Amino acid sequence: GMTGDGRGSVYVADGKQIWRIDKDGKASVFAKTDGTVHGLAVGPDGRLFAAEPDQKCVVLLDVDGKEVSKSEGDAIRDLVVSKQGTIYGTLADGNSVYRFREGKKRPAAEGIASPGALAMWSDGGTLVVSDASDKYLYAFRVQKDGELDAKDRYYPLWTRPKQPSDCAGLALDAVGRVYATSREGVQVFDPTGRLSGILIAPERAALGGVAFGGAELDRLYVACGGKVYVRKMLAKGVKAGEQKGA
C-alpha cells in the first residue's frame with residue numbers, strides 16, 4: 001500500500017490509517033479508515049483511492065484526507081486509476097484484473113495466478129500487472145475503450161530456483177523504467193523489459209510498496225519490515241499531468 005501523487009507526496013497504508021510523506025520528507029497521518037487499507041492509487045485530479053478489502057469497499061479521499069465517496073461490494077486489494085477515471089483492480093481471492101467504471105465491474109484480464117500490484121505507463125497505453133507467485137510482470141495493451149489485450153510476459157523477474165517473486169509493489173519513472181519489489185530487492189527494468197539491476201533491500205525483511213516522491217521527484221520510497229526507507233536517485237518519477245491517453 002504505497003503510491004506517489006506526482007507532486008512530491010507519497011501515501012503509505014498502515015493498518016486503519018494512511019500516512020502522507022510530503023515533498024520535504026515530513027510524515028503525518030493523512031486519514032483514518034474503518035477498515036484495513038491495502039491498495040492506494042491517486043487519480044488524475046489528485047484525490048486518493050484507498051482499497052479496504054476486509055470492508056469490501058474503496059474510499060475516495062480529497063486532498064485534505066476527507067472522505068468524498070465510497071464504492072462498496074468488491075474486496076479490491078490493489079488498484080490503479082487511468083487519466084480517464086477508469087479503475088483497474090485485483091480482488092483478494094481472484095486471479096483476474098477487473099475494470100471498474102461508473103459502478104460497473106467486468107473482467108479485463110484473466111489467467112494470472114496471484115495478481116497484485118498494478119502500474120500504468122505514462123502514455124496510458126500499457127498496464128503492468130505483477131504476479132507474486134510467478135517470475136514475470138505482465139504487460140497489457142490498453143485499448144481506447146479501456147479494454148485490455150495483447151497479454152505479454154514482458155518483464156522477467158530474477159528469482160532463485162523454485163521460489164516465487166513475491167512482487168508486492170510497482171512504480172515507474174519519467175523515462176519508462178519499472179521498479180518492482182521482490183524477494184531479491186527492487187528490480188529495475190528498462191522500457192524494453194530488460195532487467196537493468198537490483199537495488200538490495202535495506203534490511204532482511206519483506207519488501208512492500210514502492211513510489212517516487214520528493215520536491216524533485218528524485219526520492220525512491222520503499223516499505224520494508226514495517227518501516228519506510230528512502231533513497232536519493234538520479235532517476236525521477238512521473239510528474240502529475242504527464243500521463244496521457246486511456
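Me: What is the strand order of the open sheet of 4 strands?

Reply: This is a predicted model, where local features need pLDDT of at least 70, side-chain atom pairs count only at pLDDT 80 or more, and totals for chains, interfaces and linings use all residues. Residues are numbered from 1 along each chain as its sequence is written, and side-chain values use heavy atoms, without hydrogens and water. Strands are DSSP runs of E, at least two residues, numbered from the N terminus, and two of them pair if DSSP finds at least two bridges between them. Pairing in this open sheet is antiparallel, and the order is 17-18-19-20.

Me: Which strands are the edge strands?

Reply: An edge strand pairs on one side only. That describes strand 17 (170-172) and strand 20 (195-199).

Me: Which residue in strand 18 is the bridge partner of Ala-171?

Reply: Strand 17 and strand 18 (residues 178-182) run antiparallel, joined by 3 bridges. In strand 18, Ala-171 has as its bridge partner Tyr-179.

Me: Is Thr-33 buried or exposed?

Reply: Thr-33 sits in the loop between strand 4 (27-32) and strand 5 (40-42). Buried means under 20% relative accessible area, exposed over 50%, partly exposed in between (1.4 Å probe, protein chains only). Thr-33 has 13% relative accessibility, so it counts as buried.

Me: Which residues is Thr-33 in contact with, leaving aside neighbours within four places in sequence?

Reply: Contact means heavy atoms within 4.5 Å. With those neighbours set aside, the residues in contact with Thr-33 are Gly-15, Lys-16, Gln-17, Ile-18 and Glu-52.
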